[in-house]
Amino acid sequence: MTVYLLIFYFLSFNTLEIQKKGIKKYNKGKYKEAIENFSKIKNSKKNFDYYFYFGHSHSLIGNNKLAIALYDSAINIDHRNDLIFFERGFSNFVIGNSNQALKDVDKAIKINPNNPKYYVNRGSIKYDLGFVKSACEDWNRAIELNSKIINLEIIEINCN
């Protein structure tokens, strides 16, 4: 019995070390190397951070469909994290799924209504969908939260 506990402890420790290395690579902008590290994790100790960083690394190299699947797994673990909905929304937008992107960013804003980046992106999604007035309202809300978050020329060109 003790041997099994030692093996379990070693595998758990090894998984956390691999994940830490992956996050370090991610933080250095080495997304492909981060993906290589995360890909080595095989056991059931996958957690929110694993899915988030693995997914975001894929998103940052343009593999948004896989990123969405990984974000889905992260959401199954923690559905109250606004950032994961925001990132999944961004990936959906990039692959042309603007309706789902809008739903995701709406959820991010519902969880955290004070992040101006969320309003900038939701405004862009709404604009893409043809909801110009609503897009302009979001962009103006973003400016209320942080006057430097968006180029005012965008609002002047698109909202007047």
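Where does Lys28 lie? Lys28 sits in the loop between α1 (2-27) and α2 (31-39); helices here are DSSP runs (H or I) of at least four residues, numbered from the N terminus. Keep in mind that this is a predicted model, where local features need pLDDT of at least 70, side-chain atom pairs count only at pLDDT 80 or more, and totals for chains, interfaces and linings use all residues. Residues are numbered from 1 along each chain as its sequence is written, and side-chain values use heavy atoms, leaving out hydrogens and water.

**View 1. Lysines make a positive surface patch.** (A salt bridge puts a Lys or Arg side-chain nitrogen within 4 Å of an Asp or Glu carboxyl oxygen.) With a relative accessible area of 62%, Lys28 is exposed (exposed is over 50%, buried under 20%, partly exposed in between, using a 1.4 Å probe and protein chains only).

**View 2. Phe90, Val94 and Ile95 make a nonpolar surface patch.** The patch covers about 240 Å²; nonpolar side chains (Val, Leu, Ile, Met, Phe, Trp, Tyr) are joined within 5 Å. Ile95, from the loop between α5 (82-94) and α6 (98-111), is partly exposed at 38% relative accessibility.

**View 3. Tyr50 and Phe54 pair up in helix α3.** The structure holds 11 aromatic pairs (Phe, Tyr or Trp ring centres within 6.5 Å, with Trp's six-membered ring used; planes under 30 degrees apart are stacked, over 60 edge-to-face, the rest tilted). Tyr50 and Phe54 have ring centres 5.4 Å apart and planes at 50°, so this pair is tilted. Both residues, Tyr50 and Phe54, are buried.

Terms used
Patches are made of residues with over 30% relative accessible area and no salt bridge: like charges are joined within 9 Å, nonpolar side chains (Val, Leu, Ile, Met, Phe, Trp, Tyr) within 5 Å. Accessible areas come from the Shrake-Rupley method with a 1.4 Å probe; for residues, only the protein chains shown count as cover. Lys and Arg count as positive and Asp and Glu as negative; His and the chain ends are not counted. The place of a charge is taken as NZ of Lys, CZ of Arg, CG of Asp or CD of Glu. Helices (H or I, at least four residues) and strands (E, at least two) are DSSP runs, numbered from the N terminus.
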